[in-house]
Amino acid sequence: MTGRRVAVVGAGMTRFVRRAQETGKELAFQASRAALDAAEIKLDRVDAVCLTSAPDAFDGVHRKGDYLADGAGGWNKPFIRTYVGGGSGVFTAIQGWYTVASGQADVVLCVAEEKMSSCQPHPQGAFLTIFDNILERPLGPNLLWIFALEMNRYMQRYGLDKRDIAAVAVKNKRNAADHPAALLGQADISVDDVLASDVLAWPVQRLDVSPISDGAVAIIMASEDAARRLTDAPVWVDGVGWNLDSTYWTNRDLSYPEYVENAARMAYGMAGITEPRKQIHIAEPYDPFDYKELHHLEGLLLFDKGKAPEAAAAGVTARDGDLPCCPSGGLLGVGNPIAAAGLMKIAELFWQLRGEAGARQVPGTPERGVAQAWGDLMQVGTVVVMGKDRDGRLGTSGQQTVQPATLLGPTSLSDAQFRSASGAVETPLDVRYAWDPGDAVGAFLDGLRDERILATTCVSCGRTLVPPRAFCERCFRPTDAWRELPAVGTVETFSICHVTWDMRPLDQPELPAVIRIEGSSDGGFLHLLGEVAPDDVRIGMSVEAVWRPMDDRTGSILDIAYFRPREPSVRRELVAAAVAEVGS
Amino acid sequence: MTVRRIEGVLPVAFRYTPGVGNTAFFEALRDRGTFLGARCADCGVTYLPARIFCERCLAGLMPDTECGPEGTVESWTVAHEDADGLPLDLPVTFALVRLDGADTVLLHKLLGSTDIGGRVRPVLRPDRAASILDLEGFEPI
């Protein structure tokens, strides 16, 4: 056992809505108060507050932690905000766990809030800076590219059928129809509906994606002694784990989430779980996209690699299946106020393991569950294993917890109400940046101007790195030498993107791809394909750089206009829009 | 090696709804020219503008307590530069004003001069739009 035993003793949440009238503070209050009421305690019983909320840029409030603190009950208390992007919601329960396990506090309030509707014209704008400012943003990236490129790679690697993946969206939206807080519950949705929805960035379609949402969730965590006094049905935190993969997202294995496996092994080790598929009875994997639930179930070692889709299609992960997954309805059905959605998974396990999930309750008596989230630059895994009281006290009331969502709001605004709300204030974030590329990437950009692809090498691990780095992040030592590589490579994965970052339709689709330069290690880098019909692009296709005319080169990633097939018979006449003209 | 700067922006703007508490405050200010706060009887604290919760005990609150309209200057400063550090044509005085009955202060313009502890009253615009700018500022009594 690591530290003191810690239990969850109460949970509450707001409804997830598209646009809330409430401020972020007010959303945090509604969830916090619901959790306190569920645990039947007053705020003065809380020793410390752990809060999370995803990017500050959603709100334009660059001190979001203490901004939200009053609504989260943080006044005059030890208070901390943690942030690991989309992984934050589950991570704040981990933060709560070690605040209690360490003995620093007996009772902790954990709060996750997200208000995405303030961010105009589209919350994706807040995510543009997760791309590399020097090497990726000049290409005009769209956040969906990352997921589409990952999903395509996953499908190709295991030969997956998109129908099987769409089954996850169907399951979760149907499950959410039984959740009183859900934004997108839909009892009668079918796989055909998902496959007929708009293609955003192939293979990602609109119904493969969870909705932008506002909402908040809170839980109360307590030490064993405190938990025993507060409830006769504590739900224990049996294990916690978190792990970060390479920050170079195009260098990762896009077909398998190593970071989730590493986090899961950490949590399972602490929980004494040796056979996850037998010892885990219910799972709340992170599902902002349908394929991502499957990806994560494999990373959680609950299905073999590439095998989760067929299991989902066969009903194994249905609420009444052998391993219920996202019985809440998940992000795809309940909604995706980012940080809050992660903590919602912890709350759902709490309700399910206590038998209090009402119409969402899984059959039988599940004793152990796992919740997981994913975030940062799509490479952090956060995992919590929760279990029912092992001392034989079931303590399940069998009563559905009064869903505070229906009591406390928030007030959902239509778009017209949102646009006309009295007292609303509009303000741009009027900031501009000038980034220095640094030594290694600066030399790479100089090389591009001369039609040269430059790499650095690390003799310790033997890798050749493109784009080059001044240091090897694995060996944590300076790289050793420069090497020139040919301007040819392979398509590791690609997407056919039909929308801009703010979801306006494109006249001509863009073809973002991860290109692995011949002779480089670990995946590749992001660029665009051109002189090829979208239907003719294949993973594994051999491509070559097409250089911009000499006079137009500026020492930029755009000095490569695009990559085109090396095989002339596959080439098509260039469509103007395929060229990366757009900086953003 | 070439020294270069790669420029970029964060292309976002925000539309903030004032929330439930502030909306009650702004609408009372707009419609009746009054200052609506919320009182937590247990903690003995009156918040202005109104809030829907007490930050000390997380009790739910209603916008039920009218404050002011007169108040007291808690502190003040004179700004000679704008946000970009450029000189202002005319200096502007800002004050923290605690309206009678409130335990919290409002930040606004001080129209005239007085000192800490000085008594002030609000100057309202005739055409009001549910905004903090419905108030022109406070003037010494």
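Where is the place of A:Leu301 in chain A? I will come to that in a moment, after a word on what we are looking at.

This is a predicted model, in which local features need pLDDT of at least 70 and side-chain atom pairs count only at pLDDT 80 or more, while totals for chains, interfaces and linings use all residues. Residues are numbered from 1 along each chain as its sequence is written, and chains are lettered from A and ligands numbered from 1 in the order in which they are written.

As background, most residues other than glycine have a negative phi, and most peptide bonds are trans.

Now to A:Leu301, which sits in the loop between helix H10 (290-299) and helix H11 (308-313) of chain A, where helices (H or I, at least four residues) and strands (E, at least two) are DSSP runs, numbered from the N terminus. Its phi is positive, near 65°, and A:Leu301 is partly exposed, having 19 other C-beta atoms within 10 Å; a residue counts as buried with 20 or more such atoms within 10 Å of its own, as exposed with 12 or fewer, and as partly exposed in between, with C-beta atoms placed from the backbone.

A:Met503, also not a glycine, has a positive phi of about 70°. A:Met503 lies in the loop between strand E21 (496-499) and strand E22 (505-510) of chain A, and it is partly exposed, with 16 other C-beta atoms within 10 Å.

Turning to peptide bonds, the one from A:Gln120 to A:Pro121 is cis, with omega near -5°, and A:Pro121 is in the loop between strand E5 (119-120) and helix H4 (143-158) of chain A. In chain B, the bond from B:Gly68 to B:Pro69 is cis, with omega near 5°, and B:Pro69 belongs to the loop between strand E5 (65-67) and strand E6 (71-81) of that chain.
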